[in-house]
Amino acid sequence: MGKTTLMVVDDSPFASKQIQDLVEENGYEMIGYAKNGEEGIHMYEELHPDIVIMDIIMPGIDGLETAEILLKKDPNATILMLSSLCDSGTLEEVKAIGLKYLIPKPWEDDVLLATLEMLTKQRESK
Amino acid sequence: MLSVDMEKIFDEAFCNVTKKLVNLELKKICGVKEESFFAEGYREAIETHGYLNAKIICWFSDGLFHYITDMMNGGTTPSEEEISLFLNEYINIACGYAVSKLNDMAGHSSRLSIPYFFKGLEKMGEKWEIYGGKSLLYHTEVGKLYILVKYSFQNE
């Protein structure tokens with residue numbers, strides 16, 4: 001079986017570089033980086049990554065709205081939300097669009113990796 | 001009305017996030033406001049809307065600005081086009097940390113805007129005129145940071 005492929009949607013080059021270094025050291029393949037929601041939607045349709053890591057606060061359409069659009073287009077899309085806003089209200093908003101996980105920024109590497117591993121296993125068992 | 005120590009919440013947020021992101025200790029200075037500091041350096045601002053309506057403005061001295069952006073870029077200076085994006089992420093994470101805590105304490109929701117970056121003496125516009133509010137001043141090994149938080153809670 002090939003490597004799990006990832007795409008990051010985040011306006012921050014810091015987040016994308018940190019995530020790329022971390023995931024590639026741990027056996028994932030990062031195949032795309034989009035700087036905003038609109039770019040993320042087009043890139044997803046082109047690349048079909050296994051997992052999308054999505055920031056919430058971005059210029060233009062935010063990460064929640066982008067995730068909602070992606071899930072309408074592909075109900076099987078696997079999306080992990082990432083945000084500096086990580087309170088219970090934001091988590092409820094994430095759950096309301098059908099997603100389960102919200103990782104706070106700054107993230108702990110082991111938490112992010114454990115969540116990616118869990119999502120990978122869930123995808124494989126479908 | 002929610003009774004919170006805004007100064008303590010933002011102090012904890014900026015100290016923890018700065019340590020975690022760029023391994024730098026912020027040392028708080030009390031009761032000092034150096035006017036010359038505000039005429040130079042870099043400024044970054046962000047707003048919150050919802051239960052907490054706030055304007056948060058940060059002034060970075062030149063040395064601290066470059067230290068933070070270089071460290072966040074893996075030890076090298078980011079390009080001119082990207083440099084503000086690193087500072088945007090820094091203030092977004094620090095203020096997100098503080099606002100998340102406030103949201104959970106209040107049981108209400110507030111959202112963060114996209115941060116704004118201002119270089120040197122560039123005007124911040126009328127809405128960013130200097131207001132009174134909670135202020136925090138820090139010394140570090142590489143420069144100074146001043147944070148002003150002007151805020152009100154909804155329905156106050």
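Mentor: Two residues are in contact if their C-beta atoms, placed from the backbone, lie within 7 Å. Please keep in mind that this is a predicted model.

Trainee: Does Ile51(A) count as buried or exposed?

Mentor: A residue is called buried if 20 or more other C-beta atoms lie within 10 Å of its own. Ile51(A) has 21 C-beta neighbours inside 10 Å and therefore counts as buried.

Trainee: How should I read the strands of a sheet?

Mentor: In a regular strand the side chains alternate between the two faces of the sheet. For pairing in this structure, turn to chain B. Strand E6(B), residues 134-139, runs antiparallel to strand E1(B), residues 27-29, and three bridges join the two. Within E6(B), His139(B) is the bridge partner of Lys27(B).

Trainee: How many bridges join E6(B) to strand E7 of chain B?

Mentor: There are six, and these strands run antiparallel, with E7(B) spanning residues 144-153. Leu148(B) in E7(B) is the residue that stands opposite Ser135(B). E6(B) and E7(B) form a hairpin with four residues between the strands, where Gly143(B) takes a positive phi near 155 degrees.

Trainee: At what angle do helices H2 and H3 of chain B pack?

Mentor: The angle between H2(B), residues 62-72, and H3(B), residues 83-106, is about 95 degrees, and their axes are 9 Å apart. Angles of 65 to 115 degrees count as roughly perpendicular, and H2(B) and H3(B) are therefore roughly perpendicular to each other. From H2(B), the residues Phe65(B), Ile68(B), Thr69(B) and Met72(B) meet Ile83(B), Phe86(B), Leu87(B), Glu89(B) and Tyr90(B) of H3(B). By class, this contact has seven nonpolar, one polar and one charged residues.

Trainee: How is the meeting of two chains described?

Mentor: The size of an interface is often given as the accessible area lost when the parts come together. Here one may count residues instead: 21 residues of chain B are in contact with 17 residues of chain A. On the side of chain B that touches chain A, helix H1 (6-22) and H3 of chain B each supply at least two residues.

Trainee: Which element gives the largest share of that side of chain B?

Mentor: H3(B) gives the largest share, with 12 residues. By class, the side of chain B that touches chain A has 10 nonpolar, seven polar and four charged residues.

Notes:
Residues numbered from 1 in each chain as written. Chains lettered and ligands numbered in written order. Predicted model: local features only at pLDDT ≥ 70, side-chain atom pairs only at ≥ 80, totals over all residues. Pairing = 2+ DSSP bridges. Buried ≥ 20, exposed ≤ 12 C-beta atoms within 10 Å, placed from the backbone. Axes fitted to C-alpha atoms, helices over the stretch in contact; angles between N-to-C directions. Parallel < 35°, antiparallel > 145°, perpendicular 65-115°, else oblique. Nonpolar A, V, L, I, M, F, W, Y, C, P; charged D, E, K, R; others polar.
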